[in-house]
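I opened this entry to go through one model and write down what I looked up.

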Amino acid sequence: MKRMSIPLFQIGVLFITLCILLLCVFWLPDTAAFFAEDAPEYAYLRYPLLFGIYLTVLPFLFAIVEGLKLSRRVAINDAFSLKSVNHLKNIKRSAFLITVMYFIGFVVLLQLVDLSPGIGLLGILIMLASMMIGLIAGILEELLRKALEIKEENDLTV
C-alpha cells in the first residue's frame, strides 16, 4: 500500500488539474458569454473577469508542479532536504498569491458593481481555501526546516 499511495496521489492531482484546465478552456468562456447575454449591463466585465480568473490559474499550476516535485522527492526517500523546503515555500507563496489576487478582484468588483451573494461567497471560499493551503504549507515548511536542523546536528555528533 505504501508504494501505491504516492503514484495514486500524483494521478489524483493530475486528474484534478486536468479537470480545472478543461473547465477553464471549455466551460468558463461559455458561461461568461451566457451571463453577458443574460445581464447585458454587466457585459463589459466579461473579458476582465476571464482574464483575472485565467491569471489566477498560473500560480495554481505552479503550485501543482511544485507539489508533484515534492511527492517525487518523498517517493525517492529524499523528503528531508533543502529542496523539499523550497518546494513547500513555493507552494505557500503561490497559495498566498492566489489569495491576494482574489482579494484584489473582490475589492475591484465591489467598487464597480453590486456583487451578488453567490459570486461573493465563491470568491471568499476560494480565498479561504488558498489561505488555508498556504498556512498548512508554511507550517510544514517550518517543521521540515527544524527537522533538517536536528538531522544535521545528529549527523555531526555521530
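I began with the charges of this predicted model. The chain carries 13 positive and 13 negative charges. I compared their mean positions and found them 12 Å apart.

Next I went to the secondary structure. I counted four helices and zero strands in the chain. Read from the N terminus, the order of elements is α-α-α-α. I then checked how spread out this chain is. Its radius of gyration is 20 Å, while the globule rule gives 15 Å for 158 residues, so the chain is more spread out than a compact globule. I also looked up the box filled by the C-alpha atoms. Along the principal axes, that box is roughly 70 × 30 × 20 Å.

Then I turned to contacts. I took those between residues at least 6 apart in sequence, and 77% of them join residues at least 24 apart.

Surface and burial followed. The accessible surface of the chain is about 11100 Å². Carbon and sulfur atoms account for 74% of that surface. Of the 158 residues, 29% are buried.

Last, the cysteines. I searched for disulfides and found zero in the structure. Cysteine 19 is in no disulfide, and its nearest cysteine sulfur belongs to cysteine 24, 11 Å away. A disulfide needs the two sulfur atoms within 2.5 Å. Cysteine 24 is likewise in no disulfide. Buried or exposed, I asked of cysteine 24? Cysteine 24 is buried, with a relative accessible area of 9%. Cysteine 19 is partly exposed, at 33%.

Note on methods:
Residues are numbered from 1 along each chain as its sequence is written. This is a predicted model: local features need pLDDT of at least 70, side-chain atom pairs count only at pLDDT 80 or more; totals for chains, interfaces and linings use all residues. Side-chain values use heavy atoms; hydrogens and water are left out. Helices (H or I, at least four residues) and strands (E, at least two) are DSSP runs, numbered from the N terminus. The radius of gyration is taken over C-alpha atoms; the globule rule is 2.2 Å times the number of residues to the power 0.38. Buried means under 20% relative accessible area, exposed over 50%, partly exposed in between (1.4 Å probe, protein chains only). Contact means heavy atoms within 4.5 Å. Accessible areas come from the Shrake-Rupley method with a 1.4 Å probe; for residues, only the protein chains shown count as cover. Lys and Arg count as positive and Asp and Glu as negative; His and the chain ends are not counted. The place of a charge is taken as NZ of Lys, CZ of Arg, CG of Asp or CD of Glu.
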